[in-house]
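Here's a quick briefing on the model below. Have the viewer open while you skim it.

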Amino acid sequence: MFLLRAFIYLISLAGVGYLIGLEGYEFKTLAAYSEHTLTEHMQDAMTFLSCMLFLYASRIDPKLKIAGTMLAALLAMMFVRESDALLDQYVFDGAWQTIVYLILGTVLVSLWGKFSHIYPSLKAYSETACYGTCLSGIVIVLAFSRMMGRNSFWTSVMGDNYMRVVKDIVEEGTETLGYTLILISAIELVLICRRNRARALAVN
């Protein structure tokens, strides 16, 4: 079973890499990797699915309820951030910031009076096999992809031959990798929570 899952994830990551390259193969020098491309849509889908999976995990395992809720909120905010262009265009300018603050406020209200339970829940999550995968994905999305997407770095390296699309491919590609790892960790967490629930029901 372990080898099968490893093979599935290997194929999934290879598939994501292939899909990222599709726009380049199709549009060649006109490829833009902008807000309305397959890569961006994949990021939207991954953040939304991860959010739902973390939320589901929080509902079926009491020990991981707070950790799952916090992760779901984080992914919800990431989903809103990835949809900023659409929200600015069809809702109002700066809509994504407002929604993010609303999500953050909702989470803080829901955790009010439960702050003493946050650490035990996060500790329980850190002891799961999927914790490292999730943390790696978050670090890639929030830090590594941003560092790799710096204009100053690419203009320094490419000089007069600077092409924004190259920077965008690297930045969006590593960001999509991070989201893929987070999605994999969310799937693994659901499987872990379901096993824990099954054991608890068997004991009772």
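The accessible surface of the protein chain is about 12,100 Å², with 69% of that belonging to carbon and sulfur atoms; areas like this come from the Shrake-Rupley method with a 1.4 Å probe, and for residues only the protein chains shown count as cover. Bear in mind that this is a predicted model, where local features need pLDDT of at least 70, side-chain atom pairs count only at pLDDT 80 or more, and totals for chains, interfaces and linings use all residues. Residues are numbered from 1 along each chain as its sequence is written, and side-chain values use heavy atoms, leaving out hydrogens and water.

**Overall layout**

- The protein chain has nine helices and zero strands, where helices (H or I, at least four residues) and strands (E, at least two) are DSSP runs numbered from the N terminus.
- Read from the N terminus, the elements go α-α-α-α-α-α-α-α-α.
- Taken along the principal axes, the C-alpha atoms fill a box of roughly 65 × 45 × 30 Å.
- Of the 204 residues in the protein chain, 40% are buried (buried is under 20% relative accessible area, exposed is over 50%, partly exposed is in between, with a 1.4 Å probe and protein chains only).
- Take the contacts (heavy atoms within 4.5 Å) between residues at least 6 apart in sequence: 70% of them join residues at least 24 apart.

**The nonpolar core**

- The largest nonpolar core has 43 residues, and Phe54, Tyr125, Ile182 and Leu189 touch the most other members. Here a core is a set of buried Ala, Val, Leu, Ile, Met, Phe, Trp, Tyr and Cys residues joined through side-chain atoms within 4.5 Å.
- Helix 1, helix 2 (38-60), helix 3 (65-82), helix 5 (95-110), helix 6 (118-126), helix 7 (131-148) and helix 9 each put in at least two residues.
- Helix 3 gives the most to this core, with ten residues.
- Leaving aside neighbours within four places in sequence, phenylalanine 54 has contacts that include Leu71, Leu75, Tyr125, Cys134, Ile182 and Leu189.
- As general background, nonpolar side chains tend to be buried together in soluble globular proteins.

- Leu4, Phe7, Ile8, Leu10 and Ile11 make a nonpolar surface patch of about 500 Å².
- Patches are made of residues with over 30% relative accessible area and no salt bridge, joining like charges within 9 Å and nonpolar side chains (Val, Leu, Ile, Met, Phe, Trp, Tyr) within 5 Å.
- Phenylalanine 7, one of the patch residues, sits in helix 1 (residues 2-27).

**Salt bridges**

- There are six salt bridges, counting a side-chain nitrogen of Lys or Arg within 4 Å of a carboxyl oxygen of Asp or Glu.
- Glutamate 188 pairs with arginine 5, and their closest N and O atoms are 2.3 Å apart. This pair links distant parts of the chain, with glutamate 188 in helix 9 (residues 164-203) and arginine 5 in helix 1, 183 residues apart.
- Glutamate 188 is buried at 12% relative accessibility, while arginine 5 is partly exposed at 21%.
- Arg164, Lys167, Asp168 and Glu171 are linked in a network of salt bridges.
- Aspartate 168 and arginine 164 both lie in helix 9, four residues apart, or about one turn of the helix.
- Lysine 167 is buried at 4% relative accessibility, as is aspartate 168 at 10%; arginine 164 is partly exposed at 49%.

**Cysteines**

**Tyrosine 162**

- Tyrosine 162 lies in the loop between helix 8 (151-158) and helix 9, and is partly exposed at 27% relative accessible area.
- Setting aside neighbours within four places in sequence, tyrosine 162 is in contact with Asn151, Trp154, Thr155 and Lys167.
- The C-alpha atoms of tyrosine 162 and proline 62 are separated by 52 Å, with the two residues 100 apart along the chain.
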